[in-house]
Amino acid sequence: SLGGVIGMWRLVRRMNEQSAADKRRAREELRRSEAKFRHYFEFNPAPMWVYQRQTGHFLEVNRAAVDRYGYSREEFLRMTLYDICPPEDRARLTRQMHESKQSDMYRESGETCHMCRDGTVIDVDLHVGPADMEGVDASLALVHDISPSKQAQRVSEQRARDLQTLAAASLEVTASDDLEAVLQRTVDRTRQLVDAGLAVIRTWSNDAAKPPHVSFSLTPQYEHWQDCIERFEASGIYQLVVEKLYPVRLSQDELVKNPGFHGFDNDGMGSLPFDGLLAVPLVGSDSELAGILIASGRTNRPFDAEDEALLMQLGHIASVGMENVRLHEALQAHMRELEERVAARTEELDISNRELDAFAYSVAHDLRAPLRAMHGFADAVLEDYGERLDASGQDYLQRIVKGARNMDTVIQ
């Protein structure tokens, strides 16, 4: 019937209108979702990009990536992942790209390195997941720059190594009982601690009888300067350190302007290839300056406060080592003096004993002569006149003889 046809038409129209409204709502939801994702992608504080999974070509990058890596968006879109990968990591990237082609749901996370436009290499924590960009098989990458934490970790590890080096230096230096060994071990450890090409130590003493000691440690770059380093005076640096009793750091420009600071006589061999200089005082137990420790020849970066602190600690260790050597030498000298005194007293006692023996022998000889005479005469009286003497007289003579014998035995 006509009514049925009209009713069906109205139903179909309402269904079409409902379907169109649903499609409009779906498109609106999709538009809002895409806008949200675009906003999230574009304004995310962490670098993000979308790249073609098969080739590694960048398809889209956000502002944070442009700011952090230094490339413009147009430059990024002409590049691939290999362009921001350091050469030593490209084999690993190729392996990862091959693995990503084997799975539509390939995901990856982990630490790696990227290279910025200015050549700076940064440490990143990379998270990669699948993405579909207008029908293109792509991957979405979220990058967290972990360079500060990695740098802090490297600094911490370097500090631990420095502390180990200081501990080893302390054992080596303080265990030495020879000044030359103390100085040489100190300069060797100086080069190791602050990555210097040259390390020199020079001692001073108020005793004119004790000449200064100079020890040095050189890289091959400085070997041909050995002769002039052996004549090292450091009067300019010495005056600065005496005035401050504190470390002195000089840049290369300051050394060029004040050649008297370093105190090396190069005898016309040309300017010394210094790259800054760091000097620390060696202070004795009497708070007097006992020497100076100098490091130079660092080419990768200038000396900083951390190097200064490390060298100060090593200088304290060297000062203790020098003081130990001085005390050891003083103890040895005192022991030699005591041994000499004991030997002298022993010699004096031997002389006294010999004189006493000679005196005793002389006394014994002088006493035995009259004793023998008394003994002999008593024996003669008994022998010649014994019959004329009564019992008491003979007893007296026998007592004289017996006493003489006893006295002779005592003298012997």
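Visitor: Over how many bridges do β3 and strand β4 pair?
Guide: This is a predicted model, in which local features need pLDDT of at least 70 and side-chain atom pairs count only at pLDDT 80 or more, while totals for chains, interfaces and linings use all residues. Residues are numbered from 1 along each chain as its sequence is written, and side-chain values use heavy atoms, with hydrogens and water left out. Strands (E, at least two residues) and helices (H or I, at least four) are DSSP runs numbered from the N terminus, and two strands pair if DSSP finds at least two bridges between them. β3 and strand β4, residues 121–133, run in the antiparallel sense, and their bridges number eight.

Visitor: Which residue in β4 stands opposite Ser109?
Guide: β3 covers 108–115 and is an edge strand, pairing on one side only. In β4, the residue opposite Ser109 is His127.

Visitor: In what order do the five strands form the open sheet?
Guide: The pairing in this sheet is antiparallel, and its edge strands are β2 (58–61) and β3. The order of the strands is β2-β1-β5-β4-β3.

Visitor: Is Thr190 buried or exposed?
Guide: Thr190 lies in helix α6, residues 179–194. Buried means under 20% relative accessible area, exposed over 50% and partly exposed in between, with a 1.4 Å probe and protein chains only. Because its relative accessibility is 0%, Thr190 counts as buried.
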